[in-house]
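Here's a quick briefing for anyone meeting this structure for the first time. Have a look at it first, then read on.

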Amino acid sequence: EAQRHDREELLTVFEGFASICAPTNNRVTIHSLLGEGTTVAAHWSTDYDCRDGAKFYGTDFDLTGKQVRGFNVLAFFEIASDGRIIKINQRSDTARVALGLPSS
């Protein structure tokens, strides 16, 4: 899903993702990194199991027992001169499809 986040929105996304993932069998595989100037491009995939009782981002869809394998993400990071990430543009697989949920 195409997304753009400022710092506060990104923290909310991370908190939401953390509330879904069970604390076991989770993996991130970095496939490639490429940087030029103040931009870094990254491609990674994630594998994770869902927590018992987890719900999909503000819905009633129960994720208990669901697993995601090979969820691909491509992101471009804008880096400040002091090394901080100041902007992220992300494109990923569709989380709903990966979790077997209805499209809306």
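Predicted model: local features only at pLDDT ≥ 70, side-chain atom pairs only at ≥ 80, totals over all residues.

Residues are numbered from 1 along each chain as its sequence is written, and side-chain values use heavy atoms, leaving out hydrogens and water.

**Salt bridges**

- Searching the whole structure turns up 3 salt bridges (a side-chain nitrogen of Lys or Arg within 4 Å of a carboxyl oxygen of Asp or Glu).
- One of them pairs Arg27 with Asp47, at 2.7 Å from N to O. Arg27 sits in strand 2 (residues 27-36) and Asp47 in strand 3 (residues 39-49), so this pair links distant parts of the chain, 20 residues apart; strands here are DSSP runs of E, at least two residues long, numbered from the N terminus.
- Asp47 counts as buried, at 12% relative accessibility (buried means under 20% relative accessible area, exposed over 50%, partly exposed in between, with a 1.4 Å probe and protein chains only).
- Arg69 and Asp49 make another salt bridge, with their closest N and O atoms 2.7 Å apart. Arg69 lies in strand 4 (residues 67-79) and Asp49 in strand 3, so the pair ties together parts 20 residues apart in sequence.
- Arg69 is partly exposed at 44%, while Asp49 is buried at 9%.
- Asp82 and Arg84 also meet in a salt bridge, at 2.8 Å from N to O, and Asp82 is exposed at 51% relative accessibility.

**Nonpolar core**

- The largest nonpolar core has 18 residues, and Trp44, Phe56 and Leu99 are among those with the most contacts inside it (such a core is a set of buried Ala, Val, Leu, Ile, Met, Phe, Trp, Tyr and Cys residues joined through side-chain atoms within 4.5 Å).
- Strand 4 gives the largest share of this core, 5 residues.
- Not counting residues up to four places away in sequence, Phe56 touches residues including Phe61, Leu63 and Leu99 (contact means heavy atoms within 4.5 Å).

**Glu78**

- Glu78 is found in strand 4 and is partly exposed, at 26% relative accessibility.
- Leaving aside neighbours within four places in sequence, the contacts of Glu78 include Thr38, Arg84 and Lys87.

Notes. Helix = DSSP H or I, 4+ residues; strand = E, 2+ residues; numbered from the N terminus.
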